[in-house]
Amino acid sequence: VYMVVIVKLGGSVITNKNKFTTANKKVIVRLAGDLSKIKTPMIIVHGAGSYGHFPVKKFGIRDGFHNEKQRLGFAKTHLYCKDLNQLVCGALLAKGIPAVGIPPFSTVKQENGRISYFNTQIVKDALHEGLVPVMFGDPTLDSVKHGLPCSGDKVISFLAKVFEPTMIVFGTDVDGIYTSDPKTNKNARLIPLVTHSNLNAVLSSLEEAKTHDVTGGMKGKILELLDESKKCPLIIVNALKPGRLQKAVEGKETISTTFKLNN
Ligand code: ADP
């Protein structure tokens, strides 16, 4: 056990998901400031947002690359994802966080979309040296499809198995999990707490959610992290609202959805 917290910065938070490779620089700088106040060791994982989903669609590599053009598109997509990581790490460094970008492309391999290899030793060693690893949604090699997008959520799910974090805090662009998608249903209600007693109801409310996200949206996220949330609290907060992400990481109460399935 490493006494580490895994913090996700959603692609919807740090980028404008509707505009090709557009970062929310102000939000990134503000979040870096908030994160710099946190004393617990952290692994930060950010989404690819418009640096990933747009290129994946544009180059048609959602199901791997199978020709020259797609191969080039795959490599370009990796470059875009690293560009975003440079921005995030730059902002963190400016606030005094010893952030080191660790690309999934260089550490992860997939087999038909499941992580089959992950060099977590490099993450462990970086933590040991007091550095803050910053991983992200990134295309990786795949033994079946040649190369496939690997979401930040998939990375988190694997890291959580290895590092057994004290908490996973998920910064996104809505206040938590709702009874249905709050962006399309104004009657959607926030679900502050998920326990074994309402878990199935919550999962089926996500069933109805539709998303254009190439890596699964809110439903994909929760299903990806369900096993992990049985071992440590999983908190979903609105990282666009100043202070909430920081409060959640510090274990303070704030508007959120908390999964408490670990007992
Ligand atoms: P991120 O990029 O932050 O990881 P996504 O954009 O993939 O997050 O997913 C978050 C989005 O999921 C929200 O903006 C919201 O529109 C959508 N969503 C769909 N169903 C729900 C739900 N039941 N509760 C909350 N959000 C939902």
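**Ligand contacts and helix packing**

A polar side-chain atom of Thr172 lies 2.9 Å from an oxygen atom of the ligand, a polar contact being a pair of N or O atoms within 3.5 Å. The model is predicted, with local features requiring pLDDT of at least 70 and side-chain atom pairs counted only at pLDDT 80 or more, while totals for chains, interfaces and linings use all residues. Residues are numbered from 1 along each chain as its sequence is written, and side-chain values use heavy atoms, leaving out hydrogens and water.

The helices are DSSP runs (H or I, at least four residues), numbered from the N terminus. Helix H2 (residues 25–35) packs against helix H4 (residues 68–94) at an angle of about 45 degrees, their axes lying 8 Å apart. Axes are lines fitted to C-alpha atoms over the stretch in contact, and angles run from 0 to 180 degrees between N-to-C directions. In this contact (heavy atoms within 4.5 Å), Lys25, Ile28, Val29, Ala32 and Leu35 of H2 meet Leu87, Val88, Ala91 and Leu92 of H4.

Helix H6 (residues 121–128) and helix H7 (residues 152–163) pack at about 65 degrees, with axes 11 Å apart. Here Val123, Lys124 and Leu127 of H6 meet Leu159, Val162 and Phe163 of H7.

Conventions. Helices (H or I, at least four residues) and strands (E, at least two) are DSSP runs, numbered from the N terminus. A polar contact is a pair of N or O atoms within 3.5 Å; within protein, one must be able to donate a hydrogen and the other to accept it, and residues adjacent in sequence count only if both atoms are side-chain atoms.
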